[in-house]
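Me: I'm new to reading protein models. Could you walk me through how to look at helices and the way they pack?
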Amino acid sequence: MASEEASLRALESLMTEFFHDCTTNERKREIEELLDNFAQQIGAWRLCLYFLSSTRNDYVMMYSLTVFENLINKMWLGVPSQDKMEIRSCLPKLLLAHHKTLPYFIRNKLCKVIVDIGRQDWPMFYHDFFTNILQLIQSPVTTPLGLIMLKTTSEELACPREDLSVARKEELRKLLLDQVQTVLGLLTGILETVWDKHSVTAATPPPSPTSGESGTVCPPRDLLSNLLQSPSSAKLLNQPIPILDAESEYMCSLALECLAHLFSWIPLSASITPSLLTTIFHFARFGCDIRARKMASVNGSSQNCVLGQERGRLGVLAMSCINELMSKNCVPMEFEEYLLRMFQQTFYLLQKITKDNNAHTVKSRLEELDESYVEKFTDFLRLFVSVHLRRIESYSQFPVVEFLTLLFKYTFHQPTHEGYFSCLDIWTLFLDYLTSKIKSRLGDKEAVLNRYEDALVLLLTEVLNRIQFRYNQAQLEELDDETLDDDQQTEWQRYLRQSLEVVAKVMELLPTHAFSTLFPVLQDNLEVYLGLQQFIVTSGSGHRLNITAENDCRRLHCSLRDLSSLLQAVGRLAEYFIGDVFAARFSDALTVVERLVKVTLYGSQIKLYNIETAVPSVLKPDLIDVHAQSLAALQAYSHWLAQYCSEAHRQNTQQFVTLVSTTMDAVTPLISTKVQDKLLLSACHLLVSLATTVRPVFLISIPAVQKVFNRITDASAQRLVDKAQVLVCRALSNILLLPWPNLPENEQQWPVRSINHASLVSALSRDYRDLKPNAAAPQRKMPLEDTKVIIHQTLSVLEDIVDSVSGESTKSRQICYQSLQESVQVSLALFPAFIHQSDVTDEMLSFFLTLFRGLRVQMGVPFTEQIIQTFLNMFTREQLAESILHEGSTGCRVVEKFLKILQVVVQEPGQVFKPFLPSIISLCMEQVYPIIAERPSPDVKAELFELLFRTLHHNWRYFFKSTVLASVQRGIAEEQMENEPQFSAIMQAFGQSFLQPDIHLFKQNLFYLETLNTKQKLYHKKIFRTTMLFQFVNVLLQVLVHKSHDLLQEEIGIAIYNMASVDFDGFFAAFLPEFLTSCDGVDANQKNVLGRNFKMDRDLPSFTQNVHRLVNDLRYYRLCNDSLPPGTVKL
């Protein structure tokens, strides 16, 4: 006894020392080691039992329970049965004796330890485990303890971790399912009893909670017709909410937590009775009962406030239960009626929440509710719309319009932005549902739209109001417009984007209504903007906006912000005026485009972007933004203009010519270094769209376009910022290169355009071509940095020009290459000189990669061969090692681009580049692969394996020569194998990649192998089947056993099946026994069980299930065996 006492004192002092601020990490490690060694001793649990019953030190208790946890989960198999019985009897007694005095976290841990024993031993060795829990729940004194045990059992046994065999997991689930009805009955009883006991009853007793529920079953029709009337339990739902004492409150919260966890895994069935559902809804009312919260705060004491919060929490827990049920998509027929009841009761709550009365606006009511409760309620509505609406709406009596009215009130009175975003998501789901419904039932389109028209128009108007400062200034000013989130947008941009998505979806359904709602609002704000001209006065330094009163400036700021948003809205709707509806909606679209052209020209003419204002920090950005947004909105209509262009071509209308030339008058003044980047880039993008999408024949002859040509080719003009320069050059190149729509080849004026394009490119690459070393002047001496700038500026422009014609007609690409030919040769000549400057090499290879992708046919075979040969000569083993190992990410990028160029080469059909295959494969396998194989970094690997995959995929006959004669003679094609060593080396590299931790590379390479099998029957080839197949299966199985790539479990399972299915007999008879024999950590008997449990199923689902069972049980046996004390005899 004395020694136990001494051990306890020593442990207490060790624990206190461990958690003391002054203890060093070194000392902490020593203590930790000491405690670990103690825990590993056989029989340590006896001391721990003494510690638990004799100490009040939390640290000691927690440590003792951890020793038990470790014993039960990792060493239980080796514990003598007498000891197990003692532990099973002592721990529950300890819990019963001390549960009221133990700190809650110690009590919960003790419960979990007891449940862990049940997980291992119930029902065989611990038959009264569950009966004890039920008894605890039924005895009023221990009900809370029983509920904690029940919830822990649900958590630990229904979805156990992998430290159990599959058979045991299935057994536990079945055992628990057998108890579900009893448990749900008990929980219903607890909640009903508390409710009834505390209900404020009038003279006449209320009907029992189940009356009108389980007695008579109303047919769904009746239920639906009054879905939003008071439900049959309305009397009950209208009763005042009882005031619960703290103990009852605690008990109900535990019962609801249990239900929420049970509902997460039990199937929907008759066990979930109407009376249970009604009871849960009673508690859901706690969340929306403002009166009770008010009373709590009026009565003042902090205890009452806490009570108010607790009551809110009951509402949150009840809604969690409801949402668990709602999230199940598979609803048995007999459960549909219960669902209808749930909707009925939830909509009743929704009516309560959104009810207007004099004392409360809806918004203030929602503000007073617990934030978590509102979130749960929103989750309910989202689940209703996304999972159940199509099921419920098919009942013609479902009052969907009334539901939408409530959802509308709920949405537009949300107290927080996040709440509002979540509700907009629900509307988006609803609009998507409606759109797909109409597409699948076009005949009923009008009927469906008529039913919802008013609701949709109302939604559209309100969403538009919400994005305008005119109606919603206070809220919009709270939104952050500076910090970028993960999607690279600010809070304001996200708000606007989500709102405009809703507007666009309504436009898709009701185009005429949407347009007639939006356009007048845009007009109002445009009037203000266009009226600014009268307030512009000339001052000494330029033009000034003569609006100075603070109130006027604020109103102007709001109007400009709104105009900017509405311009984005109008741009977002451009797609609904083109295609089949072009003619029908032509006049609306023309009105919009004419307004936009007028606005952009107005902004450019009076130079609003350079004007002085009274509040420059606010109004100047506003004016620039409106101007930029008007250009962007006009750009959005470029596809409409293109369609108009082809119509106009037939009718030759002056109206179209005027639109385009006026647009160019608006754009040209903005292409200048004096204009802010935001505006300059908007103008450049619009110019690119006119040149690329619209392509009017007369574009090149417009004086404004000529002006841009002259500015760009003038060597003395100041260069625009990089991005703008690239865009303008792309536009000018496209004007000359892209074929004009609706014109025959002989009217395309190619000769003139070709000359003009050559002179454009010549002007753009003048300085670059001067860098070429020649015999007379080997190399002009210029500072390296200046040379780099010229290379960067020229190649970025040329690469973009090539990229933009890569998908165009042969003629366009031909002219493009003729213009670029000299620059390409200069690039090849310069390449060796810059091989050690990885930033320059990177840009040059980018340029060559784009050339190979877009113009390899035009470059011709001899020159292409010369380029490839130059690269292969330059990238020696030493150079590759230097790039990959010493130059960081830029060096790796250089090698990746080089491999990408080779990917294009190996994919080329025909025989032209086949002679390069041996040197490409040898570069990969002998030079690049050895450098990167052992590096943990994923750099270069993905590109290398893609190149190897493309080499195999597009050059299969380089390895497997199949002859028709051979296949006829043998009946099956058993191809001749060529270049076998190279094929084997590639396959080995793939196999090695599965042993590395990088999950993206693993996924990519597994996909490549599966693709080669689908397309080329890789797994069936003799060489693969006889020498590699089971090696791959082995590696993939080991990966599953080690859980290193768990996210890919499914893909790995399917790949193992596809490989095994080539030779099932071999798999079952030879591979599986061999695999099990080689497994360490399991004994012969366990191996036999594993082999027996792997059924000889040959269909994919059963086979993969067997694979996962094998993996799970193998891990489980290893865990068990590791936990046995040394020297244990295994029978």
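Reply: Happy to! A helix here is a DSSP run of H or I that is at least four residues long, and a strand is a run of E of at least two. Keep in mind that this is a predicted model.

Me: How much of residues 31-97 is helix, and how much is strand?
Reply: That span is 82% helix and 0% strand, and its end C-alpha atoms lie 31 Å apart. An unreviewed UniProt entry annotates residues 31-97 as "domain: Importin N-terminal".

Me: What describes two packed helices?
Reply: The angle between their axes and the distance between the axes. Take α9 (residues 166-198) and α13 (residues 274-284): they pack at about 45°, with axes 10 Å apart. The two helices are therefore oblique to each other, and their crossing is left-handed.

Me: Which residues make that contact?
Reply: From α9 come L184, T188, L191, E192 and W195, while α13 brings S275, L276, T279, H282 and F283. Sorted by class, the contact of α9 with α13 has 5 nonpolar, 4 polar and 1 charged residues.

Me: At what angle do α40 and α42 pack?
Reply: Helix α40 (residues 888-907) packs against helix α42 (residues 941-954) at about 10°, and their axes are 9 Å apart. Angles under 35 degrees count as roughly parallel, so α40 is roughly parallel to α42.

Me: Which residues of α40 and α42 meet?
Reply: On the α40 side, E896, L899, K900, L902, Q903, V906 and Q907 meet E943, L944, E946, L947, R950, T951 and H954 of α42. This contact of α40 with α42 divides into 5 nonpolar, 4 polar and 5 charged residues.

Technical notes:
Residues numbered from 1 in each chain as written. Predicted model: local features only at pLDDT ≥ 70, side-chain atom pairs only at ≥ 80, totals over all residues. Heavy atoms only, no water. UniProt positions renumbered as here; feature names shortened; annotations may be inferred. Axes fitted to C-alpha atoms, helices over the stretch in contact; angles between N-to-C directions. Parallel < 35°, antiparallel > 145°, perpendicular 65-115°, else oblique. Left-handed = near helix turned anticlockwise from the far one by under 90°. Contact = heavy atoms within 4.5 Å. Nonpolar A, V, L, I, M, F, W, Y, C, P; charged D, E, K, R; others polar.
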